[in-house]
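Thank you all for coming.

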Amino acid sequence: MFGLDFGRPAIDLSVDPSHPPTQLRFHLSDPQVEQLKKNCEVAQVVLGASVLSHYVLTSTALQHTDCPFAAQLTKADIIAGTYEGGFKLWSCAVDLLRYLTRTQFSFTGKSVLEAGCGHGLPGIYALQHGADSVLFQDYNAEVLSFLTMQNVVLNTCPRGSTMPPGASFWSGDWGGFTESTVGQFEVVLTSDTLYTPLSTGRLVALLRRVLKKPDGVAFIASKSLYFGCGGGVYTLRQLVEETNEMQVEQMELIADGSDVQREIVRISFRSL
């Protein structure tokens, strides 16, 4: 398990029993969701000549749903052991989208996992650009039902009549996704999931299990360091190097005048 020694965090992927893995189904015209969308704005992320749209769910609007932690969202972006921040569109998700757009990474025919997806915009981008399948995973079922699914439909089926056949949705802890998904994904996308040594170590453990060998790759958008939390790209590099089977490459360093620099890194298996 993990200790508090930020110098050598461990890699662990035991299952959180409070959030077991659960596959969610899309239900057309859910009255609660339809009412929620009426109380929300739609915003856009501009990616060159294209645009991705997403719902902006406020804590006030969510308090009119059965979301059990909605009232707490007025005080915190993340609630340890309860909510992992998926209703907020974090800056690194947009960084990842812009990187994928600029480099024109090919998703054609690939199986993709977006881990800790939240809004799901990178996974939606993959669907729009030829991915054979995208599994959207988030810790919270409420995030997937109220937000991720709705964003997928908004961008791929504007009339809201159906869900793309390649999209699937799983809630729960990463520890529950190892046995059924070993070596399944050719691409893993994730952003702003390295904010503690614990989450960083669990992500590395997840990648070791679910990335398809030998050519599977993961693209991670993250702050270089999450001050006060101990996570970030430095911790990621340390843990990946200790696996002796994977490697980290910096693809982009983002220093745009904000307080903390951000990075896009690529994880792949080392050549034998």
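Predicted model: local features only at pLDDT ≥ 70, side-chain atom pairs only at ≥ 80, totals over all residues.

Let me start where two helices touch: Ala93, Leu96, Leu97, Leu100 and Thr101 of helix 3 meet Leu121, Pro122 and Tyr125 of helix 4, where contact means heavy atoms within 4.5 Å. Sorted by type, the residues of this contact between helix 3 and helix 4 are seven nonpolar, one polar and no charged; here Ala, Val, Leu, Ile, Met, Phe, Trp, Tyr, Cys and Pro count as nonpolar, Asp, Glu, Lys and Arg as charged, and the others, Gly among them, as polar.

Residues are numbered from 1 along each chain as its sequence is written, and side-chain values use heavy atoms, with hydrogens and water left out.

Two packed helices are described by the angle between their axes and the distance between the axes. The axes are lines fitted to C-alpha atoms, for helices over the stretch in contact, and angles run from 0 to 180 degrees between N-to-C directions. For helix 3 and helix 4 (residues 121–128) the angle is about 20° and the axes are 9 Å apart, which makes helix 3 roughly parallel to helix 4; angles under 35 degrees count as roughly parallel, over 145 as roughly antiparallel, 65 to 115 as roughly perpendicular and the rest as oblique.

Is helix 4 largely enclosed or open? Seven of its eight residues are buried, so helix 4 is largely enclosed by the rest of the structure, and by buried I mean under 20% relative accessible area, with exposed over 50% and partly exposed in between (1.4 Å probe, protein chains only). Helix 4 is followed by Gly130, whose phi is positive, near 95°.

Now to the rings. Tyr99 and Phe219 form a tilted aromatic pair, 5.8 Å centre to centre with 45° between the planes; rings of Phe, Tyr and Trp (its six-membered ring) pair if their centres lie within 6.5 Å, and planes under 30 degrees apart count as stacked, over 60 as edge-to-face and the rest as tilted. Because Tyr99 lies in helix 3 and Phe219 in strand 8 (residues 217–223), the pair ties together parts that are 120 residues apart in sequence. Tyr99 is buried at 7% relative accessibility, and Phe219 is buried at 3%.

Finally, Asn140 sits in the loop between strand 5 (133–138) and helix 5 (141–156). Asn140 is buried, with a relative accessible area of 1%, and, leaving aside neighbours within four places in sequence, Asn140 is in contact with His19, Phe69, Thr82, Tyr83, Glu84 and Ser171.

Terms used:
Helix = DSSP H or I, 4+ residues; strand = E, 2+ residues; numbered from the N terminus.
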